[in-house]
Amino acid sequence: MTPGDGIRPLSDTVHARATLGKAAAENFPVAPAFLPRAWRDGLTAVYGYARLVDDIGDGDLAPGGRDAVLLGLGPAAVDDRLAMLDAFEADLWRVFGGTDGPPRHPLMQALQPVVRAHRLTPEPFLGLIEANRQDQRVARYETYGDLLAYCELSANPVGRLVLSLTGTATPERIRRSDAVCTALQIAEHLQDVTEDLARDRIYLPAEDMRRFHVAEPDLKAPTAGASVRALIAYETERARELLNEGTPLVGSVHGRLRLLLAGFVGGGRAALRAVTAAGFDVLPGPPKPTKSGLIREVAAVLRTAPRKG
């Protein structure tokens, strides 16, 4: 069985499903059952792509080097993240009709019919790859503006893909979607301060750390002191304001898409509420929302999101 063959061995199918299975740990629903089948298939394929590229960039791939082999590299290349991202990008171009054969990775094979059916463009997919390349070069962000520019690559493409998949993209919806996606990314960064620091990454702007008199050793403590808590509270409020800016997106659509987007916004609000409930002490581990808390936030979004059209 060669990487370009159209039939996958069972082990590769199971391998791909393990990546997709990580959706259960996200702050928001990925492809809930109430959506039409075509939307679910599209959202699942896009999630598989986004999850895999993040796993490459974070060094979180399954052991054994199978993903490297599927992308046409040797097993040892799994530890060379930039080489893996290059091979991943080459496979993306196969999805879009490259001349050297069909996609090799099973998650890329699943993505190809979605790209064709919805006439998706390469740009948002390339943005996610570039964000992970940036993660290999940049471990600290000086300003909030620098962080927003990173989120433009790492988060906003996902929302734009959702709008494209559902045929609802407009300039105004894209702007609102970008606000929601950036907020979700920042919420995740706030939850994962300790995990990110273990990878020698800090997504808290350095200018804000200085403002609140927080030094890097303060982030390594088992629990947060007053300065760290004040910093996290400040960033939490920023993310909440972004969510509020993006919430009218929910009211601009109808039916099941409205419920899906409410799930995204509600998931972000629930994550931020969990950070707040922890007293902004994120250092012992990521504060996670409860299922009931998520449902309450989604219901609140549906009640309050202004309707348009």
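**A look at the rings**

Guide: Happy to. This is a predicted model, and it holds 8 aromatic pairs. Take Tyr 141 and Tyr 203: their ring centres are 5.9 Å apart and the planes meet at 20°, which is under the 30 degrees cut-off, so they count as stacked. Tyr 141 sits in the loop between helix H6 (123-137) and helix H7 (144-154), while Tyr 203 is in the loop between helix H10 (193-198) and H11, so this pair ties together parts 62 residues apart in sequence. Both Tyr 141 and Tyr 203 are buried.

Next, the cluster. Ring pairs join Tyr 49, Phe 88, Trp 93, Phe 96 and Phe 125. Leaving aside residues up to four places away in sequence, Tyr 49 touches Phe 88 and Phe 125, and its other contacts are Leu 92, Met 108, Leu 111, Leu 126, Leu 128 and Ile 129. Tyr 49 and Phe 88 also turn up in the largest nonpolar core, which has 80 residues; along with Leu 111, Leu 204, Leu 219 and Ile 232, they touch the most other members. Helix H14 (residues 255-277) gives this core its largest share, 9 residues.

Some rings have a charged neighbour, too. Arg 238 lies over the face of Tyr 144, 3.7 Å from the ring centre. Arg 211 does likewise with Tyr 234, at 4.6 Å from the ring centre.

Conventions:
Residues are numbered from 1 along each chain as its sequence is written. This is a predicted model: local features need pLDDT of at least 70, side-chain atom pairs count only at pLDDT 80 or more; totals for chains, interfaces and linings use all residues. Side-chain values use heavy atoms; hydrogens and water are left out. A nonpolar core is a set of buried Ala, Val, Leu, Ile, Met, Phe, Trp, Tyr and Cys residues joined through side-chain atoms within 4.5 Å. Buried means under 20% relative accessible area, exposed over 50%, partly exposed in between (1.4 Å probe, protein chains only). Helices (H or I, at least four residues) and strands (E, at least two) are DSSP runs, numbered from the N terminus. Contact means heavy atoms within 4.5 Å. Rings of Phe, Tyr and Trp (its six-membered ring) pair if their centres lie within 6.5 Å; planes under 30 degrees apart count as stacked, over 60 as edge-to-face and the rest as tilted. A charge sits over a ring if NZ of Lys or CZ of Arg is within 6 Å of the ring centre and within 35 degrees of the ring normal.
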